[in-house]
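Okay, thanks everyone, let's get going.

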Amino acid sequence: MENEYKSPVYNVIAVPISKVVANNYNPNIVAPPEMKLLELSIWEDGYTMPCVCYYDKDNDRYELVDGYHRYLVMKKSERIYKRENGLLPVSVIQKDLSERMASTIRHNRARGTHTVELMSHIVAELNKAGMSDAWIMRNIGMDRDELLRLKQVSGLAALFADKQFGGSEDWVEDEYNNELP
């Protein structure tokens, strides 16, 4: 195939953090507990996803499109900076400013959120596997109250796991149930 597209992730490069700059349009924020978890994740697992940058040739710098918080962790964590030799994994895209802005939003929104039901299931499974509360809180990034709430939810969910919910079986439609106000 002549014009086979190659995704930027296949060309990840190690960029000195001093050449990387934040953009001024990212609306995403991360709360302090999640930032601590991100730092722990990078420490324990390494950088598993590159930051996405636009290369500004005129100024010889890389402007972040996605990965600001991964970048921030390296800037603020001495141990990670030292281990990574001050090099940030970067995947480069060449797009104009409006396309980079749209890309930032797509990256942020595509990550989704964790549902209470799924998180409580994970907590229940870790608990069944014998992991201590301290281990769960440290490795999943929860405080004691959140862990307790998720344990309570998973306990309540287990009580109703074999039940079906829906309309009452003894409810019968009649001429009054179909009238609109």
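So, helix 1 and helix 2 are roughly perpendicular to each other, because the angle between them is about 75° and anything from 65 to 115 counts that way. This is a predicted model, by the way. Helix 1 covers residues 32–45 and helix 2 covers residues 68–76, and their axes are 10 Å apart.

Who makes the contact? On the helix 1 side you've got Met35, Leu38, Glu39 and Ile42, and on the helix 2 side His69, Arg70, Leu72 and Val73. Sort those by class and you get 5 nonpolar, 1 polar and 2 charged residues.

Okay, aromatics. How many aromatic pairs does the structure hold? There are 2. Take tyrosine 55 and tyrosine 62: their ring centres are 4.7 Å apart and the planes sit at 45°, so we call that pair tilted. And both tyrosine 55 and tyrosine 62 are buried.

Then there's tyrosine 68 with tyrosine 71, also a tilted pair, with 6.0 Å centre to centre and 45° between the planes. This takes us back to helix 2: both of these tyrosines lie in it, 3 residues apart, which is about one turn of the helix. Are they buried or exposed? Well, tyrosine 71 has a relative accessible area of 7%, so it's buried, while tyrosine 68 is at 28%, so that one counts as partly exposed.

One last thing to look at on the screen. Arginine 100 lies over the face of tyrosine 54, at 3.8 Å from the ring centre.

Conventions. Residues numbered from 1 in each chain as written. Predicted model: local features only at pLDDT ≥ 70, side-chain atom pairs only at ≥ 80, totals over all residues. Heavy atoms only, no water. Axes fitted to C-alpha atoms, helices over the stretch in contact; angles between N-to-C directions. Helix = DSSP H or I, 4+ residues; strand = E, 2+ residues; numbered from the N terminus. Parallel < 35°, antiparallel > 145°, perpendicular 65-115°, else oblique. Contact = heavy atoms within 4.5 Å. Nonpolar A, V, L, I, M, F, W, Y, C, P; charged D, E, K, R; others polar. Phe/Tyr/Trp six-rings, centres within 6.5 Å; stacked < 30°, edge-to-face > 60°. Buried < 20%, exposed > 50% of the residue type's maximum accessible area, 1.4 Å probe, protein only. Lys NZ or Arg CZ within 6 Å of the ring centre and 35° of its normal.
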